[in-house]
Amino acid sequence: MSRRKLIAGNWKMNKTSAEGATLIKELKDALPCKGNPECCTVEVLVCPPFTTLPAVIAEARGTCIHVGAQNVHWAANGAFTGELSAAMLKDVDVTHAIIGHSERRQYFGETDATVNQRTKAALAGGLVAIVCVGETLAEREAGQTFVVCEKQVKDGLASLSAADMANVVIAYEPVWAIGTGKVATDAQAQEVHAFIRTTLGALFGGAVAAQTRILYGGSMNAGNAKGLLAMPDIDGGLIGGASLKAPDFATIVSSAL
Ligand code: PGA
């Protein structure tokens, strides 16, 4: 079963429109394919802040670089100050949305229930949903890693069909590794990825489990990407800090080839 690797950059709250367009220009130059959509065996995605999306989409048009959002609301419209719907994102040609990032869970009250609502809205709106899961350091030290990840996967994907899963990507991001420089070892990450794949198999069947891409996130960088991406159940990366530097991000893409 071959799963196309996905290297996704999560720019978080960084880059204005002009800065974002410059980063895409630099990235095109730095990528081994130079951004040519014909020759990319790896899927490349960047997720800038909302206001930077149009400039980045314009600069990335006609290249292999896809552009995603960092969140999406579950309603089609209405009184939800500060939120954006899937239709609004589609309106500016966004193709993917990150959902349930640990920073959203930690600072903005995101729960497995809201992750589920957002995921369903993203899929109904024609977006690929990148659903984030992962344990905190306290949970890992208490031996709860599998329990936490299983619950986040089950509840985050509740009531989805096997067909829906064609447009779902899971990102395993141990919270203790995000932005800390403390990367999970290749074996630690592989162990949880394999567990998540088994969980997907129990929920949706073996064929869906074999097809679903599971990304690793948490201090992935140009130096450690190759080892992580060589693991059998690691199908790409969700990269924060290192995605803000074109040469580093391009090296990670090369590591996935
Ligand atoms: P990091 O962030 O690569 O800076 O650790 C990853 C993420 O939060 O998606």
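An angle between two axes under 35 degrees counts as roughly parallel, while angles of 65 to 115 degrees count as roughly perpendicular and those over 145 degrees as roughly antiparallel; the rest are oblique. The model to which these terms are applied here is predicted.

Two packed helices are described by the angle between their axes and the distance between the axes. Start with helix 1, which covers residues 17-30, and helix 2, which covers residues 53-60. Their axes come within 8 Å and cross at roughly 25 degrees. Helix 1 and helix 2 are therefore roughly parallel to each other. The crossing in which helix 1 passes helix 2 is right-handed.

Helix 1 also meets helix 11, made up of residues 246-255. Here the axes come within 9 Å, and the crossing angle is roughly 45 degrees. Because of that angle, helix 1 and helix 11 are oblique to each other. Helix 1 passes helix 11 in a right-handed crossing.

Another pair is formed by helix 7 (residues 145-156) and helix 8 (residues 186-204). The axes of helix 7 and helix 8 come within 10 Å and cross at roughly 40 degrees, so these two helices are oblique to each other. Helix 7 passes helix 8 in a right-handed crossing.

Now turn to the ligand. Which residues come nearest to the ligand, of the 13 around it? They are Lys12, His101, Glu173, Gly179 and Ser219. Sorted by class, the shell around the ligand holds 4 nonpolar, 7 polar and 2 charged residues.

In the side chain of Lys12, an N or O atom is 2.7 Å from an oxygen atom of the ligand. For the side chain of His101, the distance from an N or O atom to an oxygen atom of the ligand is 2.6 Å. With Ser219 the backbone takes part: one of its polar backbone atoms is 2.8 Å from an oxygen atom of the ligand. Taken alone, the ligand exposes 290 Å², and the protein buries 95% of that area.

How values were computed:
Residues are numbered from 1 along each chain as its sequence is written. This is a predicted model: local features need pLDDT of at least 70, side-chain atom pairs count only at pLDDT 80 or more; totals for chains, interfaces and linings use all residues. Side-chain values use heavy atoms; hydrogens and water are left out. A residue is near a molecule or strand if one of its heavy atoms lies within 4 Å of it. A polar contact is a pair of N or O atoms within 3.5 Å; within protein, one must be able to donate a hydrogen and the other to accept it, and residues adjacent in sequence count only if both atoms are side-chain atoms. Accessible areas come from the Shrake-Rupley method with a 1.4 Å probe; for residues, only the protein chains shown count as cover. Ala, Val, Leu, Ile, Met, Phe, Trp, Tyr, Cys and Pro count as nonpolar, Asp, Glu, Lys and Arg as charged, and the others, Gly among them, as polar. Axes are lines fitted to C-alpha atoms, for helices over the stretch in contact, and angles run from 0 to 180 degrees between N-to-C directions. Helices (H or I, at least four residues) and strands (E, at least two) are DSSP runs, numbered from the N terminus. A crossing is left-handed if the near helix is turned anticlockwise from the far one by less than a right angle, and right-handed if clockwise.
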